[in-house]
Protein chains: 2
Amino acid sequence: MSERTVFFLSDQTGVTAETLGHSLLTQFDGHHFRHVTLPFIDTDDKAREAVQKINEAATEADARPIVFSTLVQDEFRSVVREADGLHLDIFDVFLEPLEEELQQKSTHTAGRAHGMSDIESYMKRIEATNFALANDDGGVTRDYEKADVILIGVSRSGKTPTCLYLALQYGVYAANFPLTDEEFDSGALPKILSKRQSQLFGLTIAPTRLQQIRRERRALGKYSSAQQVRYELREAEKIFKKYGIP
Amino acid sequence: MSERTVFFLSDQTGVTAETLGHSLLTQFDGHHFRHVTLPFIDTDDKAREAVQKINEAATEADARPIVFSTLVQDEFRSVVREADGLHLDIFDVFLEPLEEELQQKSTHTAGRAHGMSDIESYMKRIEATNFALANDDGGVTRDYEKADVILIGVSRSGKTPTCLYLALQYGVYAANFPLTDEEFDSGALPKILSKRQSQLFGLTIAPTRLQQIRRERRALGKYSSAQQVRYELREAEKIFKKYGIP
C-alpha cells in the first residue's frame with residue numbers, strides 16, 4: 001500500500017473538510033495518509049497556490065493526492081479542480097439537488113457555516129463554556145439549577161471533556177460531579193444531586209479502557225488497578241440503577 | 001418559504017452529518033429548518049424507526065424532509081432510503097470514487113470516525129484539555145515551557161474558548177494570558193511572555209463585536225464603552241506589532 005497525500009481545502013478553517021475526509025478515509029485500512037490542510041482559500045492567488053501544492057505532491061509520489069474540499073464559491077472550486085488529484089467536494093455534489101429541492105439558487109457565500117451572524121447562539125456557547133468551567137468536578141454546586149445536565153461518573157470517565165464539548169458545540173449548560181468513596185460506601189447520592197434527578201446523566205466506560213487511562217495518570221497503585229476500577233464502575237452502575245439515571 | 005424538517009442520521013453521534021448539513025443549508029436563505037438528529041442507527045429496528053419518523057414529518061408538512069446521513073453500512077442505508085425525503089449521504093456519493101482511486105473495497109465498518117483505537121491521540125487531547133484549564137487567563141504561568149502556543153489578547157477576545165477548542169479538537173497545548181492596563185500603560189509584555197516570543201499568538205476582534213460581547217457581561221460602564229474597547233484593541237495591536245507577534 002502506498003503513501004498518499006490528502007488535502008483538505010476550505011474557504012474557512014477546514015474543519016468541515018477534515019471531518020468529511022476523516023469519516024471516509026477511516027473506511028480504508030492499510031494506507032498511510034499524509035494530511036495537509038489548506039484553510040482560508042478566499043482569493044484567486046490562494047486557489048492557485050493550492051493547485052501548485054497539490055501538483056507538487058502529485059509529482060513527488062507514485063499516486064495522485066486525494067482532495068477533500070468545501071469551497072463554496074464556484075470560481076475558486078473551478079481553479080482548484082485543475083490540480084492533479086481525486087476531487088471530492090460537498091458543494092459540487094450536494095448543492096444542485098438541494099437547489100432543485102428548495103427551488104432556489106444557493107447564495108454561494110463563503111464563511112457562513114461558522115458564521116458569527118447569530119450572536120445569540122454564539123453568546124450562549126461562550127456562556128455555557130464559562131458555566132462548564134465554573135461547575136467542573138463538583139467544586140461549585142450552588143448553580144446546579146441553571147444546568148441543563150449534570151454528568152456524574154467515576155474519576156477519568158470523561159466528564160470534563162464531555163461537558164466542555166457540549167458547551168462549545170451545542171451551548172448546553174453542563175456541570176459534572178465525581179462519584180467517589182463517599183458515594184460508593186453509602187450507595188447513595190448527596191442531597192445536592194438526589195434532588196436534581198431529572199438533570200442527572202451517568203457516564204460509564206469499559207473497565208480495561210478506564211484502567212488504561214488511569215495508568216497514564218498514575219502508573220501504579222490502587223487507583224489504576226483492575227480490581228479498583230471494576231469496583232468503582234460496578235458501584236457507580238448500582239447508583240445509576242437505584243436512582244433511574246440514564 | 002416553507003418550513004422544512006431536516007434529519008441528521010448516523011450510526012454514531014451525528015456530528016459529521018450535522019456539520020455537513022449545516023455547511024450546505026447556510027447557503028439557502030429565508031427557510032425555516034427544523035433540525036432532528038437521529039444518532040446511533042446501528043440496528044435494523046432503529047433504521048426502520050428512522051424511516052417512520054421521516055415519513056411522519058413528510059405527511060405533516062407540505063414539503064418532504066431533507067435527510068443528511070452518514071451511514072456506513074449498506075444495509076441500513078438502503079432501509080433508510082425508503083423514507084420519503086431528499087437523501088444526501090456522503091458514503092453514497094464518495095465511497096465509490098475513493099474505492100476506485102485506492103483500488104480497494106472499503107471496510108464498511110461503523111464507528112471508526114470517532115474511534116478510540118488511537119489511545120495516544122485520545123490521551124493527548126485529554127491532557128491538552130487539562131493543560132488549557134490549568135493555564136487559563138494568566139493565573140498559572142510556570143508551565144509555559146510545555147505550551148505549544150500562548151494566546152494573548154484583551155478581555156473577551158475569545159482566548160479561553162479557542163484554547164479549549166485547540167485542545168479538544170487537535171490536542172494542542174494552549175495557554176492564554178490577558179492583556180490589561182498593566183501592559184497597555186507600559187506598552188510592554190511581562191517578562192514571562194517576552195522571553196517566549198515564538199510561542200505567542202495575538203487574538204484580535206472587531207471593536208463593534210467586542211463591545212457587543214462585553215455588553216452581555218456588563219451592560220454599562222467603561223468596560224463595554226466604545227471608547228475603551230477601541231483603546232484596548234489599539235494598544236494590543238501596538239504590542240503585537242512591537243514584538244512581531246502573529
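Me: Where is the place of Arg156(B) in chain B?

Reply: Welcome! This is a predicted model: local features need pLDDT of at least 70, side-chain atom pairs count only at pLDDT 80 or more, and totals for chains, interfaces and linings use all residues. Residues are numbered from 1 along each chain as its sequence is written, while chains are lettered from A and ligands numbered from 1 in the order in which they are written. Helices (H or I, at least four residues) and strands (E, at least two) are DSSP runs, numbered from the N terminus. Arg156(B) sits in the loop between strand 5 (149-153) and helix 6 of chain B.

Me: Is Arg156(B) buried or exposed?

Reply: A residue is buried if 20 or more other C-beta atoms lie within 10 Å of its own, exposed if 12 or fewer, and partly exposed in between, with C-beta atoms placed from the backbone. Arg156(B) has 22 C-beta neighbours inside 10 Å, so it counts as buried.

Me: What is the phi of Arg156(B), which is not a glycine?

Reply: Most residues other than glycine have a negative phi. Arg156(B) is not a glycine, yet its phi is positive, at about 70 degrees.

Me: Chain A has a residue with a positive phi too, Asp137(A). Is Asp137(A) buried, exposed or partly exposed?

Reply: Asp137(A) belongs to the loop between helix 5 (119-134) and strand 5 of chain A, and its positive phi is about 60 degrees. It has 14 other C-beta atoms within 10 Å, so Asp137(A) is partly exposed.

Me: What distance separates the C-alpha atoms of Val154(A) and Leu203(A)?

Reply: Along the chain, Val154(A) and Leu203(A) are 49 residues apart. Between their C-alpha atoms, the separation is 7.9 Å.

Me: Which residue in strand 7 of chain A is the bridge partner of Leu151(A)?

Reply: Strand 5 (residues 149-153) and strand 7 of chain A pair in the parallel sense over three bridges. The bridge partner of Leu151(A) in strand 7 is Phe201(A).

Me: Which residue in strand 7 of chain B does Leu151(B) stand opposite?

Reply: Chain B has an open sheet of three strands, parallel and in the order 6-5-7. Its edge strands, each pairing on one side only, are strand 6 (174-178) and strand 7 (200-202). Strand 5 and strand 7 of chain B are joined by three bridges in the parallel sense. Opposite Leu151(B) stands Phe201(B).

Me: Which helix of chain B is included in what covers the buried residues of helix 9?

Reply: In helix 9 (residues 207-217) of chain B, the residues Leu210(B), Ile213(B) and Arg214(B) are buried. They cover an arc of only 95 degrees around the axis, which puts them on the same side of helix 9; the arc is that of the directions from the helix axis to the C-beta atoms. What covers them includes helix 10 (226-243).

Me: How many residues of helix 1 of chain B are buried?

Reply: The buried residues of helix 1 include Thr16(B), Leu20(B) and Leu24(B). Helix 1 (residues 15-25) is largely enclosed by the rest of the structure, because its buried residues number nine of the eleven.

Me: Which element of chain B gives the most to the side that touches chain A?

Reply: In the contact between the chains, 43 residues of chain B meet 43 residues of chain A. Elements of chain B giving two or more residues to this side include helix 1, strand 3 (66-70) and helix 9. With eight residues, the one that gives the most is helix 4.

Terms used
Contact = placed C-beta atoms within 7 Å. Pairing = 2+ DSSP bridges.
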